[in-house]
Amino acid sequence: MELTICWLYGRTMNIYGDRGNVLALAQRCRWRGIEARVIELGVGEPLEPGRCDIFFWGGGQDREQVAAARDLQGPKGEILRREIEEGAPLLAICGGYQLLGHYYRPHQGEPLPGLGVFDAWTEAGSRRMIGNVVVESEEFGELVGFENHSGRTFLGPQARPLGRVRVGCGNNGEDKTEGCRYRNAIGCYLHGPVLPKNPQLADFLIEAALRRRYGEVTLPPLDDTLERLAHASAVSRAQSAR
Amino acid sequence: MDPRLSLAVGVSRLSAAAIRRLGRGGGTALPGLLATLIDPGALGKLSRQLPGGCVVVAGTNGKTTTARMLATILEQAGHRVVHNRSGSNLVRGITAAFAEQSSLLGRVRGEIAVIEADEAAFPAVVRQTRPRIVLLLNLFRDQLDRYGELDTVARSWGEALRALPAESRVVVNVDDPTLAALTGELAGRRLAFGLAERRVALDRLPHAADASVCRRCGTAFTYRAAFISHLGDYRCPGCGFERPPLDVAAGSIALEGLERLSFEVTVPGRKPWPVEVPLSGLYNVYNALAAVAASLALGIVPEVIQAGLAATRAAFGRLERVSYRGRSLVIVLIKNPTGLNEVVRMLASARVEAPLLVLINDLDADGRDVSWLWDADLEPLSEARFPVFTGGIRGADMALRLKYAGVPQERLRVLGDLPGALDAFVSELAPGQTGYILPTYTAMLALRRALAGRGVAPAFWRQ
């Protein structure tokens, strides 16, 4: 079996160790004998429908976010939206997450249009929310990461959060929600990077991709001793000093 | 006499002496803080007394080493140098360094200052000291939780540079496209340095390359050569922005193991001359070249520069060697992905086959976000045969990073925090064997304390 991981805007939006998520997806495939190919898709490069199995989109600085938002106005964004509707697994962090909502409104200038996959919108805030985060998710259990954002994301009535924050600010620092879920897409503010320390999320994405391409499959378990150790140490760090 | 300044200097010096007597470390932060509280203008008043002016050194990587090299060269030239040698590089630490070298009446005993400034403190330091020379090394992604995005730092530097006195000169590493763009308008007062040597270039741009996109038009640069991260000989296919011509260049670079490096200094229209430095790694070529360029801007002759560089010693925790219980420990500070990449590259190119201990802390001075470990290219370690130990507050994160870099789990061990991790690591070394320790900043301080408690390593404030 083989999977193609598409790293959206990998060169321009890859802040705060986000590429660790791509490494985690690829390695966790390889350790199970699944061939993993990673392709980077940058501004101006077309997306071919059906070619990619898993999408990853990281955070970036404002300038790069504007370029990506512009790039997705048109057929490329339409194809990505259709892939997600049809069940393609996707993980988007921070800047990428924001552009999957309806819009991102910066401090100055016009709002950046998003893909509207998530029923959510983001407003630039004056306070930067920085620190360790622990999230309780019904679907995935305890998640741990590090947030660093000033954008405040609000969920609309159709949106389902990824979980609720136990430590940290989450989507907006007010309503205790963190992230958003839709079909097999996950958007959130968890850097860290999130997948290595929360391998159940990585395996969810891999399994969804395999099902889509190969039908019913069960993922063989891996030895996650170090993953659990790093997860536990990050959680205890979050609880003692956010 | 200025009674307020005099009081600030006196309090700073007395409190520093008291802290040292209590054995509580180098004593730079609190004394400097007290001094700035008593006289917020203390740094400006002290620094502007110097007949030779101030050189302010800034950059993400290499500040401490470069400032040391430059101070050694200036001492070699016979100057009395004021220098924040301990690496305390915020306004308060710099103020304390000046107070330490001043009389109780607030007169500075020195001719010229070499000041290393923290990225975030750079604008305030420049505003107060009105430097004769600003020496800009590089801008890498570092501690984003503290400094904000690279663009934010670059913008604040741009504003500080525009406010410089007209007679100030800016000596800048133009291999860094961000710095070249920031100093583009200063052309007449800019002294540009960089590498003119294709042989040391990387095969491809590393992942942690932070600024590989043109700031003017957003197009990705093409590189004729990439040396470290995004440092190189670049050109923007979009708007034509490219590395400006070099006023001072390093060529014929020779990196000889972990012992020494050498290169030739080329200034257009003059005969190249060699320098030799008892440090290793390409990043130290950049540091030495920066010190050479600043020295030339100060009018120092090549012979003195050569002698100064030859006399340079490794700074606190920068490839420092310590002998302990019959083992040899080499300590290399790691602060950010690019620094870690270069250490891994240096160990690989010197074919070092020795056990490694990587100590990761996440306190304020280290950066509380450890995600930077994932921006470093640790994959070269997957092929080594030696065991890799990890420790510190976030040692488990480091072990996980190494696992995903392909290091087999049986070669990985998590040792926990200092000082226990030091003892466990040393007991894994055979007598006479060398071990490499790579700590983050506060882990290095803890390592220092652990070693000092066992009777080794000099106190850094006496260096």
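User: What is the bridge partner of B:A58 in β3(B)?
Analyst: In β3(B), B:A58 is partnered by B:A117. This is a predicted model, where local features need pLDDT of at least 70, side-chain atom pairs count only at pLDDT 80 or more, and totals for chains, interfaces and linings use all residues. Residues are numbered from 1 along each chain as its sequence is written, and chains are lettered from A and ligands numbered from 1 in the order in which they are written.

User: What makes β1 and β3 of chain B a pair?
Analyst: Pairing takes at least two bridges found by DSSP between two strands.

User: Why is β3 (residues 112–117) of chain B largely enclosed by the rest of the structure?
Analyst: Because 6 of the 6 residues of β3(B) are buried. Buried means 20 or more other C-beta atoms within 10 Å of the residue's own, exposed means 12 or fewer, and partly exposed is in between, with C-beta atoms placed from the backbone. Both faces are covered: B:I112, B:V114 and B:E116 are buried on one side, and B:A113, B:I115 and B:A117 on the other.

User: Which strands are the edges of the open sheet in chain A?
Analyst: That sheet has 6 strands in the order β2-β1-β3-β4-β12-β11 (chain A), with mixed pairing. The edge strands are β2 (35–41) and β11 (180–182) of chain A, as each pairs on one side only. From one strand to the next, the twist averages 15°.

User: How does β11(A) pair with β12(A)?
Analyst: Strand β12 (residues 185–188) of chain A runs antiparallel to β11(A), joined to it by 3 bridges. A:R181 stands opposite A:I186 in β12(A).

User: Which helix lies across β1, β2, β3 and β4 of chain A?
Analyst: Helix α1 (residues 19–30) of chain A lies across β1 (2–8), β2, β3 (54–57) and β4 (90–93), and runs at about 155° to β2(A). Such angles run from 0 to 180 degrees between N-to-C directions, with axes fitted to C-alpha atoms, for helices over the stretch in contact.

User: How many residues does each chain give to the contact between A and B?
Analyst: Chain B gives 27 residues and chain A gives 28, with contact meaning C-beta atoms, placed from the backbone, within 7 Å. On chain B's side, α7 (144–147), α8 (150–162) and α13 (395–404) each give two or more residues. α13(B) gives the most, with 6 residues.

User: What are the domains of chain B?
Analyst: Chain B is divided into domain 1 (3–310) and domain 2 (318–462), with bounds from an automatic or database domain assignment. Their centres, taken over C-alpha atoms, are separated by 26 Å.

Key
Helix = DSSP H or I, 4+ residues; strand = E, 2+ residues; numbered from the N terminus. Contact = placed C-beta atoms within 7 Å.
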